[in-house]
Amino acid sequence: MIYMDNAATSWPKPESVRQAMDDFMRNVGGNPGRSGHQLSIEAGRLIYEVREALAWLFGIDDPLRIIFTSNATEALNLVINGILHPGDHVITSSMEHNSVMRPLRALEEKGVELTIAACSPQGLLEPEEVDKAIRQNTKLIILNHASNVVGTLLPVAEVGELAHRQGVLFCVDAAQTAGAYPIDLEALSVDLLAFSGHKSLYGPQGTGGLCIRKGVESELEPLTRGGTGSYSEYEQQPDFLPDKYESGTANTVGLAGLGAGVRFVLSQGTTCLRAKEEALMRLLIEGLKNIPGVITYGSGDTRKQIAVISFNIRGLGPSEIAMQLEEEYHIMCRAGLHCAPITHKTIVTFPQGTVRLSPGYFTSQQDVEATVEAIWKIAKDVSKTEFPVADFKSSVSLSVGTNEDKRYANGKGD
Amino acid sequence: MPHSVVLFYSASGALRAEKLLKGEGIGVKLIPIPRHLGSDCGICLRFDDSEETRVRKALEEGGVEIMRICEI
């Protein structure tokens, strides 16, 4: 079996992730921040250490500026609903996921003004498109870091700078990039970074969060209110981090797994992980482009994208291709619209959609070669013309990058 | 040796401070907040009175916000 659906959720997870969750269930088990006994304190300490590992990964000096949610979608809903009010203006791109589009469309009906900056059919955005959309009442710019459909990276560094020059808050949806692509919040002008825990951070499903720049919390209303274990004598929600946004019992077992996942990422180094995925993508893109009848989408340049690619085969529907890949070749991938109709409109594949392939850390060069070969065979079967003989062994080798984040394993973060 | 405790706004703050102070080699222990100091269900950080100057300095330099320090 070949798993090519890491953009939906990474699988398998590192052994240490499973072990950390098992250890929490067997040996810790307390409710974090709720009581003064050892099991509660231990659970709280565990969660604190996950914040610390993430702070190290994202270049944040105060770990308490990271709050946990059940997924990136919840973090994005918190930002969108917590910042925007009727009369405010918000800018997003035409490469967004429904986790951004749906909450924005709902607010639009309540009087929030929305501008969608147009991206090219390759999925690329010119920062200028955002710049010229800024108005006097623009409160927020929210952008995908990388598309979940074609993997193309949006220019978050440039847009962040222009947002800050104009005094507009900037939120980045890093669901697909956190862990897979270097993110340094010290260097980027990003106010809010939403991340998923179960994709390239290798945690379990049901984990995610939001990084909040100092001071931004005064403009961000919580999505939920309730028990925090702090300020219990008051019936009002506390206004300090992380408690302001973390009501109710946490998904501590999930966070135990996420902590192990983030430590795995840190021990490998994002630069190294990225180099491996880039090499796999070169192999995949080159392979697909050489198959007659196959149309690929996106930039086609591995330097401008993460490990996600979409394609179609002339004469076949995306779901038929995905079904053949699974039934005949045991390759797991995702067909359709990928919860991102606006992206598919941008890349001109709406409403039929595409087939998406997303390799991950545990994908081998052989897996990619077998996938290309399977797609070649499917395309050959549907083609009515002469098909050339293909060579599936590529000359691309999996180079490894530097391992700079290894210092975490021996240093500060331990 | 008489003890004091640092009270924090959140349990996460107490955990951050614990790590920071232990890193500075200051002997601290997380304990439930004594009843007479608050009605809260949270935790606070206990230390030897003689360490108060070092505790205050380390927390300030580390950017950890504290509610107050009390003798117990």
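1. Pro12(A) sits in the loop of chain A that lies between strand E1 (2-3) and helix H1 (15-28). Helices (H or I, at least four residues) and strands (E, at least two) are DSSP runs, numbered from the N terminus. The peptide bond joining Trp11(A) and Pro12(A) is cis, with omega about -5°.

2. On the source: this is a predicted model, in which local features need pLDDT of at least 70 and side-chain atom pairs count only at pLDDT 80 or more, while totals for chains, interfaces and linings use all residues. Residues are numbered from 1 along each chain as its sequence is written, chains are lettered from A and ligands numbered from 1 in the order in which they are written, and side-chain values use heavy atoms, with hydrogens and water left out.

3. Another cis peptide bond in chain A runs from Leu241(A) to Pro242(A), with omega near 0°. Pro242(A) is placed in the loop between strand E8 (208-212) and helix H7 (252-268) of chain A. As background, most residues other than glycine have a negative phi, and most peptide bonds are trans.

4. His330(A) is not a glycine, yet its phi is positive, about 55°. This residue is found in the loop between helix H9 (318-329) and strand E11 (331-332) of chain A. With a relative accessible area of 45%, His330(A) is partly exposed. The classes are buried, under 20% relative accessible area; exposed, over 50%; and partly exposed, in between (1.4 Å probe, protein chains only).

5. Cys339(A), also not a glycine, has a positive phi of about 55°. Its loop lies between strand E12 (334-336) and helix H10 (341-346) of chain A. Cys339(A) counts as partly exposed, at 38% relative accessibility.

6. Helix H2 of chain A covers residues 38-58, which is 21 residues. From first C-alpha to last it reaches 30 Å, close to the 30 Å expected at 1.5 Å a residue; the expected span is 1.5 Å times one less than the number of residues. Of the 21 residues of H2(A), 16 are buried, so the helix is largely enclosed by the rest of the structure. Gly59(A) follows H2(A) and has a positive phi, near 70°.

7. Chain B has two helices and four strands, in the order β-α-β-β-α-β from the N terminus on. Its radius of gyration is 11 Å, close to the 11 Å that the globule rule gives for 72 residues, so chain B is as compact as a globular protein of that length. The radius is taken over C-alpha atoms, and the rule is 2.2 Å times the number of residues to the power 0.38. The C-alpha trace of chain B spans about 30 × 25 × 15 Å along its principal axes.

8. Of the 72 residues of chain B, 50% count as buried. Among its contacts (heavy atoms within 4.5 Å) between residues at least 6 apart in sequence, 69% join residues at least 24 apart.

9. Helix H1 of chain B, residues 11-23, has 13 residues and reaches 18 Å from its first C-alpha to its last, close to the expected 18 Å. Its buried residues include Ala11(B), Leu15(B), Arg16(B) and Leu21(B). The buried residues of H1(B) pack against H2 of chain A, together with strand E2 (28-32), strand E3 (43-48) and helix H2 (52-62) of chain B. After H1(B) comes Gly25(B), with a positive phi near 80°.
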